[in-house]
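Have the structure open while you read.

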Amino acid sequence: MWNIRYADDTTMIARSKEKCSKTGEELTQKSKEVGLPINKLKTSAMTIRGQGSVEIEGDRIEKEEKIKFLGSYVTSDGDSHTDIKNRIALAKAVTNSMAEVWKSKELSTGLKVRLAIALIWSVALYACEAWTIRKQEEKMIEALEMWIRRRIMRVICPERKTNEWVREQVGVSEERSMLAEVIKRKIRKYGHWKRQGESMVLASIKGETDGKRKRRRQRMELMENIITWEGGVEQAHGNARRTRSTAP
């Protein structure tokens with residue numbers, strides 16, 4: 001997999017900056033032949049855990065540390081923290097825009113909760129299957145859900161009502177919490193990737209791609225989440241196969 005296209009955008013993926021530059025030049029030449037020149041001013045490059053720049057036809061392509069691609073932020077360190085923060089901000093904006101809904105006395109609490117799940121969770125958890133989650137991000141997700149619950153119940157000040165009281169009134173169990181939904185989606189997506197057989201995606205998830213880490217604090221990997229939640233590598237692989245065997 002080296003070329004991802006969506007509408008008039010093209011994303012090239014390569015294992016080295018030299019290969020990316022070569023592929024970019026080939027794409028530029030082919031595009032010119034059909035009258036679709038590439039706008040280099042709107043083209044940017046990113047290296048994951050690497051140095052150097054990408055050049056196309058002698059022109060250096062601007063290097064970015066953060067790129068928004070199809071609604072999600074991709075960063076040069078491969079971390080999900082930036083994207084999760086962005087999703088939380090968008091979810092809060094949607095929650096605030098629904099202030100009249102939370103004030104309504106004609107809607108039951110149960111209906112308000114279902115509306116929140118349908119309209120706010122879908123924004124907050126967009127593309128969460130690709131997130132790598134540490135304890136810090138888990139707390140951020142849990143804090144967002146409690147913040148939404150308090151808006152639904154119109155309880156702003158923590159001194160007035162405890163979190164336990166809010167949870168009881170909203171009636172959403174921990175098994176159906178936002179973090180539990182993230183975990184469920186990630187495990188289900190991993191099972192899908194695993195059943196597809198060996199691929200660059202699966203190799204990346206399992207940490208089997210070429211390259212060396214820089215000498216710094218080890219970054220959380222997506223596979224570490226799966227192993228932790230499933231109880232081990234063999235359990236994760238076994239559950240992926242089991243999901244396939246029980247699928248209709």
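How many nonpolar, polar and charged residues does the lining of the second largest cavity have, by class? Seven are nonpolar, none is polar and one is charged. Keep in mind that this is a predicted model.

Some background on the approach: rolling a probe the size of a water molecule over the atoms shows where empty space is left. Here the count comes to two cavities of 30 Å³ or more. Side by side they look like this:

| Cavity | Volume | Lining by class |
|---|---|---|
| Largest cavity | about 80 Å³ | eight nonpolar, no polar, two charged residues |
| Second largest cavity | about 30 Å³ | seven nonpolar, no polar, one charged residues |

Start with the largest cavity. Its lining is made up of Val113, Ala116, Ile117, Trp121, Glu145, Ile148, Arg149, Ile152, Val170 and Val172. Two helices each give two or more residues to that lining: H4 (109–124) and H5 (135–153). If you're colouring by class, the lining splits into eight nonpolar and two charged residues, with no polar ones.

Now for the second largest cavity, with about 30 Å³ of space. Around this one you'll find Ile84, Arg87, Ile88, Ala124, Leu125, Trp131, Ile141 and Leu144. The elements giving two or more residues here are helix H2 (81–97) and H5. H2 brings the largest share of this lining, with three residues.

Definitions and conventions:
Residues are numbered from 1 along each chain as its sequence is written. This is a predicted model: local features need pLDDT of at least 70, side-chain atom pairs count only at pLDDT 80 or more; totals for chains, interfaces and linings use all residues. Side-chain values use heavy atoms; hydrogens and water are left out. On a 1 Å grid over the protein atoms alone, a cavity is a set of points where a 1.4 Å probe fits but cannot get out, and a pocket is an open set with protein on both sides within 12 Å along at least five of seven lines; lining residues have an atom within 4 Å of a point. Grid points are joined across faces, edges and corners, and a volume is the space filled by probe spheres set on the points. Helices (H or I, at least four residues) and strands (E, at least two) are DSSP runs, numbered from the N terminus. Ala, Val, Leu, Ile, Met, Phe, Trp, Tyr, Cys and Pro count as nonpolar, Asp, Glu, Lys and Arg as charged, and the others, Gly among them, as polar.
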